[in-house]
Amino acid sequence: MSFDFALSAGADDNHYDVIIIGGGPAGATAAIYTARADLKTLILDKGLTAGALGLTAKIANYPGIVGEIGGAELLERMREQAVSFGAKLSTDKVQGVDLEGEVKTLYTNQGTVTARAVIIATGSMGRGQRVAGEDRLLGRGVSYCATCDAAFFRDQDVAVAGNSDEAVEEALFLTRFARKVYLLSPTPELKAPAHRVAEVNANPKLDLRLGASLREILGEDKVEGVRVALRGQGEETLAVTGAFVYLQGGKPVTDFLQGQLATSETGCLMVDREFATAVPGVYAIGDVLCNHIKQAVVAAAEGAVAGMSVEKHLNGRKQLVVDWSK
Ligand SMILES: Cc1cc2nc3c(=O)[nH]c(=O)nc-3n(C[C@H](O)[C@H](O)[C@H](O)COP(=O)(O)OP(=O)(O)OC[C@H]3O[C@@H](n4cnc5c(N)ncnc54)[C@H](O)[C@@H]3O)c2cc1C
């Protein structure tokens with residue numbers, strides 16, 4: 001099921017009451033509340049399996065779901081519910097933001113969108129440690145955005161490191177330009193939907209390496225290769241001119257904020273009881289707050305509170321209210 005919606009050209013079309021960055025349980029639930037409160041709502045999410053719930057194979061403790069359910073399936077249901085109330089969902093990655101002032105601007109892979117309020121729900125699957133050579137060669141062949149940079153690699157060989165559907169989407173996109181794309185999955189299988197995996201297997205330009213961990217990006221002034229450890233088979237060096245990195249770790253995902261919001265010493269965003277940050281109109285929820293209890297139901301509950309907080313903020317109300325008549 002897909003609710004994807006392309007950012008359109010008209011200025012009004014790209015302006016929202018609220019934009020939610022991250023469509024995990026926190027963000028999707030916030031959207032259910034803001035859309036139901038008739039706020040024009042956009043969820044931007046970089047991929048169904050790029051977050052904690054989306055990559056979870058099975059979950060059995062979410063209220064109302066008896067038995068086991070795949071994390072991605074549960075997430076799709078939450079997103080479907082938000083869309084049913086009028087929220088728009090775009091598969092897109094937020095690269096930068098400008099949060100000051102009444103109109104917030106978000107810079108994404110597909111363009112620019114604006115909103116009166118922003119909810120950050122990007123989770124904690126971000127990376128702390130970089131691969132050797134990554135920082136030095138950033139912008140010199142190392143990239144985090146195929147949509148932005150693929151055209152620079154026309155008829156060249158490139159590597160994509162990652163196993164989420166974000167990594168798979170980006171690898172497939174790169175095949176339109178590159179001569180050959182090595183897809184390096186650190187796990188023995190991709191964590192992307194079956195139809196996407198089928199596309200990978202059918203694409204003659206894609207060379208999928210399973211159980212392949214990116215160890216180093218090689219080159220002096222530009223990328224010249226990648227060193228890869230293959231599970232149980234030692235290492236190999238692949239000659240490439242581009243390295244696109246979509247690996248996951250365990251840090252709050254806040255890189256796109258470029259220091260515009262205060263964080264704790266451990267890199268966690270800080271909020272008040274209504275999940276408002278120190279910047280008016282900007283909220284944060286879910287695992288990006290480094291909650292003591294990282295559970296889908298907790299993230300969803302925070303999304304509900306933040307959704308109501310945004311409605312209160314935008315309508316100049318003093319108290320949180322739920323309109324049961326709808
Ligand atoms: C392996 C594993 C098993 C788990 N098992 C359970 C369980 O059994 N029960 C349970 O309750 N909880 C479980 N959890 C915890 C639960 O999944 C998390 O607490 C919950 O998903 C957090 O929700 P979230 O919305 O804050 O973040 P996430 O679910 O991580 O969602 C964040 C979203 O933000 C998006 N995003 C990130 N950066 C950007 C960007 N720049 N632009 C656009 N989108 C972006 C990602 O694509 C992602 O969809 C598990 C977690 C893991 C890792």
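Predicted model: local features only at pLDDT ≥ 70, side-chain atom pairs only at ≥ 80, totals over all residues.
Figure 1. Four elements, namely α1 (25-36), β2 (41-45), α2 (52-55) and α7 (296-314), each contribute at least two residues to the shell around the ligand. In total, the ligand is surrounded by 34 residues. Five glycines, G22, G24, G51, G123 and G286, are the closest of these. Sorted by class, the shell comprises 16 nonpolar, 13 polar and five charged residues.

**Figure 2. Packing of helix α1 against helix α7.** Both α1 and α7 also supply residues to the shell around the ligand. The two helices meet at an angle of about 35°, and their axes are 7 Å apart. The crossing of α1 past α7 is right-handed. On the α1 side, the contact is formed by P25, A26, G27, A28, T29, A30, I32, Y33 and T34. On the α7 side, the partners are A296, A299, A300, E302, G303, A304, A306, G307, M308, V310 and E311. By class, the residues of this contact are 13 nonpolar, five polar and two charged.

**Figure 3. Domain 1 and domain 2 of the protein chain.** According to the domain assignment, domain 1 consists of two segments, 12-126 and 250-314, whereas domain 2 covers 142-245. A distance of 28 Å separates the C-alpha centres of domain 1 and domain 2. Contact between the domains involves nine residues of domain 1 and ten residues of domain 2. The side of domain 1 that touches domain 2 is made up of three nonpolar, four polar and two charged residues.

**Figure 4. The open sheet of five strands.** The strands are arranged in the order β7-β14-β8-β9-β10, and their pairing is parallel. At the edges of the sheet lie β7 (142-143) and β10 (206-210), each of which pairs on one side only. Strand β7 runs parallel to β14 (residues 242-245) and is joined to β14 by two bridges. Within this pair, S143 is positioned opposite F244 of β14.

**Figure 5. Helix α5 on the strands of the sheet.**

Conventions
Residues numbered from 1 in each chain as written. Near = placed C-beta within 6 Å. Nonpolar A, V, L, I, M, F, W, Y, C, P; charged D, E, K, R; others polar. Axes fitted to C-alpha atoms, helices over the stretch in contact; angles between N-to-C directions. Left-handed = near helix turned anticlockwise from the far one by under 90°. Contact = placed C-beta atoms within 7 Å. Domains from an automatic or database assignment. Pairing = 2+ DSSP bridges.
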